[in-house]
Amino acid sequence: MEFFRDTKIDFMKYRKYFVMLSLTLLAVGMVAVFFHGKLNLGIDFAGGTQLTLKFREQPEIDELRDVVAAAGIAEAQIQRFGEEGANEVIIKTPTVEGQEEGTRNLVVDALSARYQTTTTGNFDLNQRGSDALADLLLALDPDELRATDEQMAAEHYENVALMILEQRRDEGLLVSWDEITGIPEVSTEVATALEQNAYLGQFAVLGAENVGPQIGAELRRKGILAVLASLVGMLIYIWFRFELRFGVGALVALSHDVLIVLGLFTLMGFEFNLTTIAAFLTLVGYSVNDTVVVFDRVRENLRRSRRKPLVDTINQSLNQTLSRTVLTSGTTILVVGSLFLLGGDVLRGFAFILTVGVTYSSIYVASPFTLLWEQIFGREARLRRKEA
Amino acid sequence: MNRSLLWRGAIIVAVVVLAVFAAHPLAEKLKLGLDLRGGIHLVLQVEVEDAARSETAKDMDRLLQELQDAGVQANGSPTSSSSFEVNGIPTDRDGTIGEIVVQFLPGWDWSRRGETVVFEMAPANLNEIKNLAVVQALETIRNRIDEFGVAEPVIQRQGLEGTRIVVQLPGVDDPERVKKLIKNTAFLEFRLVEYPLGGGGVPTRAEIDAQHGGVLPDHLEVLTGTVRDRQGAAIGEQYYLVEKRPVITGRDLKSARPGLGEFNQPVVNFYLTHEGGKLFAEATAANVGRGLAIVLDGNVVSAPNIRTRIGDSGIIEGSFTRQEVEDLSTVLRSGALPAGITYLEERTVGPALGQDSIEAGLKAGLIGLALVVVTMLLVYKGTGINAVVALILDIVILFGALAYFKATLTLPGIAGIVLTIGMAVDANVLVFERIREELRHGRTVKSAIEAGFGKALSSVMDANITTLIAALFLFQFGTGPIRGFAVTLSIGIVASLFTAIFVSRWIFDLVLAGRKRVDRLSI
């Protein structure tokens, strides 16, 4: 199957339209980033706490917001997470004065107070660790082992506690007592004792992240630096491998790519975090990679026919590499597209950047700018200026 | 078959066998990051200023003491964490200051400003103190974690001169407990009780205030203790009037172990150093019948009655759970932290969350792979098989290299692998397109292949080096998970160079070997 055999599209003739389209997208994007709604900075850069919670029943988001606000955290962001029916939510709070080490306990306590309906003891089997559970069981001693051998009793209950937590591990949340009574190591007495002295809380903390303000600021600085440094790195590489005019064209092209995708990314409301930086740096690499392949061809064609105007050579090269460009973009889009659709919530923003970035890539931006550079600073331009 | 073909084949087989060997069985050989296997990642700051401040206070006291011994009554006050000033030293005693400083305060610079003598810690000394504080904190934390019993913990100083420590603990089911354990100052003091004299506590503060008409003598203070039920939940408070000066502190402890008290309740058994034991024996012998408050971080955990002289060992009892007793013994044994600790960053991931991520990533990867394979076969027909073989070898080598270098696979790392699958075929595509072009120009199959590989090489290299440059910057910038991405992407790219140029070429040569004339290529 061949899609593009001997195409002779006059890309350069349409370059004005490409540039116009790009400038429009760019303007819209930058307005989105700087004026409208702004970038949704994740805790990596903004600092703050992010909790991933799993509930037994899907809680009302508004109600969660009220509970968290009542705990003294005004600007919490709360959203659903994971698959349908997973009953998972993410609660993101900014750094609270006096709670620089995180708002986890504040939020969890407030939610526990709101959602705890049972009054059987104060031991939440969905929150506590195995050692604490072993302690509780040893204190209750439902299997009546302590009278015989204290050490053996301790080991026995440690094992039972581990088995119960193992059961909690897979789903992250124990939903019914049947899950506990079904464990072979759990005797009827243990199950009964637990039902009387502990309870299955309404939610469990699947993950908790806290980034202090200091680290947030550092990551911001390092992130910006990494992106800028990689841009300069690319410029230098292309300058070294080709010529300055190509380097400038490539740099403009990939800045264009990054900014346009950043704009769309912001408009879509994705969270900007560490993985986002990874995605952008990859996009930088990919974008240059695309440009370089065209430039390689341009250089080869220039060597062959020096007389031909640069415009024609670029056009010819774009056509010759068109098939490759489309195919490689295609396979890349296939994989990042499946990542976008199936890769889970955490990687969605990452996949979005690459999907959009690769689709709207910039080989048709790099070349016009190389041409523009040539017209202003190039040999032909200098000659013309001399004549004038 | 010619020799070059054999040789190249042998190299390829060797690489693949090594990769398979390194990565088999995958579930065991692949090191999963904390974001996938679950665990806790902490970045903590050692408050080195604290250490400097306490050193400054100690040295200032020493100076004042030595001045007093030399007959100079002076008073001093700290002006920062590493400086203090002293007033009241007559100008003609500057020689004495010089002698004392040389002998007892070698790390200090001093100068006189009129009435005041200003002391500044020498920069080298200050750095040394701060550095020691971090080293000691690292050691203390390591001891605590070791005793806690976590498999494969990572406890590292961030940077050679950093004041931060990174702690990574896989598979911890109670992160809050670990955080407390690490940070625990566990400042232990034994103090004599003034009221109620026999120990125990009283339920209201008013009762204590009534004893002294509301005005406490200078050497006494009121402390509180929490009353707990059997499960460790707070149910009330008790008040104690105790002496400010402790009989002994945690520094006098040689060791501490969890044990059981007379009612089988959890207690801490402690053993004192020789010196501490002497102090303790004297104090207890002189105060039989009085209460002795066991104070932990300013809270009374219990205040038992001294029944007899206690030598160099004893028990700490309170309403502890076993877990608390274990943690307390660990902390007491591991020694005190030299300075306070602040958590700058925490990332805790439960195992359930990691499992979901792995499944989603795997699904996306497999479907992406299938789509790419189908595309290559559709576009390049027979030659597509060549690209598919190269792609699969690429993935095998990628996993082999990850296992061999003991690289950590993170969630972004999985994304890197998936991305590699899409981008790895780029090198094949560049070559195949070039072959097609050469065929169109009327070359024979063999020479078209020859020319295709030759001419595409520079593009292939350029394209991949740019991606590697980006990955390099990413690695420089990155924290754990992001580095994982940079690593998988880089390995994937390097491997794809090998498979798309070396392996793919070999397959062409192998298929065409021995045939005199090849008229058609399925491309």
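Predicted model: local features only at pLDDT ≥ 70, side-chain atom pairs only at ≥ 80, totals over all residues.
Two strands pair if DSSP finds at least two bridges between them. Strand β7 of chain A, residues 203–211, is joined to β18(B) by five bridges, and the two strands run antiparallel. For one of these pairings, look at A:Ala208, whose bridge partner in β18(B) is B:Thr348.

Now step back to the whole contact between the chains. Here 67 residues of chain B are in contact with 75 residues of chain A. On the side of chain B that touches chain A, at least two residues each come from α10 (322–334), β18 (341–349), α11 (351–404), α12 (411–440), α13 (445–477) and α14 (480–512). The most is given by α11(B), with 16 residues. By class, that side of chain B divides into 36 nonpolar, 18 polar and 13 charged residues.

Next, let's turn to a pair of helices within chain A. Helix α3 (residues 61–70) and helix α4 (residues 104–115) of chain A have axes that come within 9 Å and cross at roughly 120°. Angles from 65 to 115 degrees count as roughly perpendicular and those over 145 as roughly antiparallel, so α3(A) and α4(A) are oblique to each other. The crossing in which α3(A) passes α4(A) is right-handed.

Which residues make this helix contact? From α3(A) come A:Val67, A:Val68 and A:Ala70, and they meet A:Val107, A:Ala110, A:Leu111 and A:Arg114 in α4(A). Sorted by class, the contact of α3(A) with α4(A) has six nonpolar residues, one charged residue and no polar ones.

Definitions and conventions. Residues numbered from 1 in each chain as written. Chains lettered and ligands numbered in written order. Axes fitted to C-alpha atoms, helices over the stretch in contact; angles between N-to-C directions. Helix = DSSP H or I, 4+ residues; strand = E, 2+ residues; numbered from the N terminus. Parallel < 35°, antiparallel > 145°, perpendicular 65-115°, else oblique. Left-handed = near helix turned anticlockwise from the far one by under 90°. Contact = placed C-beta atoms within 7 Å. Nonpolar A, V, L, I, M, F, W, Y, C, P; charged D, E, K, R; others polar.
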